[in-house]
Amino acid sequence: MRLLFGQSEYVGQAMAGALGTVFAGPYEAIGFVDDAGRLRGGALFNNFNHSNIEVTVYAPNLATRGMIRAVMHYAFVQLGCNRMTARTRKDNKTAQKMLPRMGFKYEATLQLYYGPQKNDAAVLYWISRDDALKRWLHG
């Protein structure tokens, strides 16, 4: 697996199609490409406010330490963020197991975020700059 930079629109559109959503710009994205050159997933960054950035990761059965390091490096080294936020649907148990393993901490549940049903809630996780650098980049 290798990383694809400089193709944010292509990666963002592919991720939006795979996830059944629309991403509001502006955003930047890193693609995850297999050995045959096929885009297999990506990490999309948006809602940057100079302290926080939101990340959406789509990497079905692919997440590697190198991919996670690239996500952390972009947010905390290149952009200098103090924190990064990840938001997932309440019924996405896979993401809710993966995010804490990556060092993210539970922050809040936003009821009715995605729609009128109980399972339409969003669950927010966050990771601090210090925790990310220690765990993924300098540890």
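1. pLDDT is the predictor's confidence in each residue, from 0 to 100. This is a predicted model, in which local features need pLDDT of at least 70, side-chain atom pairs count only at pLDDT 80 or more, and totals for chains, interfaces and linings use all residues. Residues are numbered from 1 along each chain as its sequence is written, and side-chain values use heavy atoms, with hydrogens and water left out.

2. Confidence first. The chain has an average pLDDT of 92, and 99% of the residues reach at least 70. Strand 1 (residues 2-4) has the lowest confidence, with a mean of 91. Strand 6 (residues 105-110) has the highest, at 97.

3. Next, the layout. The chain holds four helices and seven strands. Helices (H or I, at least four residues) and strands (E, at least two) are DSSP runs, numbered from the N terminus. Their order along the sequence is β-α-β-β-β-α-β-α-β-β-α.

4. Overall dimensions follow. The C-alpha atoms fill a box of roughly 40 × 35 × 25 Å along the principal axes. The radius of gyration is 14 Å, which agrees with the value near 14 Å for a compact globule of 139 residues. That radius is taken over C-alpha atoms, and the globule rule is 2.2 Å times the number of residues to the power 0.38.

5. Of the 139 residues, 40% are buried. Buried means under 20% relative accessible area, exposed over 50%, and partly exposed in between (1.4 Å probe, protein chains only).

6. Now a helix pair. Helix 2 (residues 65-78) packs with helix 4 (residues 129-137) at an angle of about 145°, and their axes are 10 Å apart. Axes are lines fitted to C-alpha atoms, for helices over the stretch in contact, and angles run from 0 to 180 degrees between N-to-C directions. Helix 2 contributes R65, I68, R69, M72, H73, F76 and V77; these meet R129, A132, L133, W136 and L137 of helix 4. Contact means heavy atoms within 4.5 Å. By class, the contact of helix 2 with helix 4 has eight nonpolar, one polar and three charged residues.

7. G25 and P26 are joined by a cis peptide bond, with omega about 0°. P26 sits in the loop between helix 1 (8-19) and strand 2 (27-33).

8. Two residues other than glycine have positive phi. H50 has phi near 80° and lies in the loop between strand 3 (39-46) and strand 4 (52-58). H50 counts as exposed because its relative accessibility is 63%. L112 has phi of about 60° and belongs to the loop between strand 6 and strand 7 (122-128). L112 is also exposed, at 53%.

Definitions and conventions:
Ala, Val, Leu, Ile, Met, Phe, Trp, Tyr, Cys and Pro count as nonpolar, Asp, Glu, Lys and Arg as charged, and the others, Gly among them, as polar.
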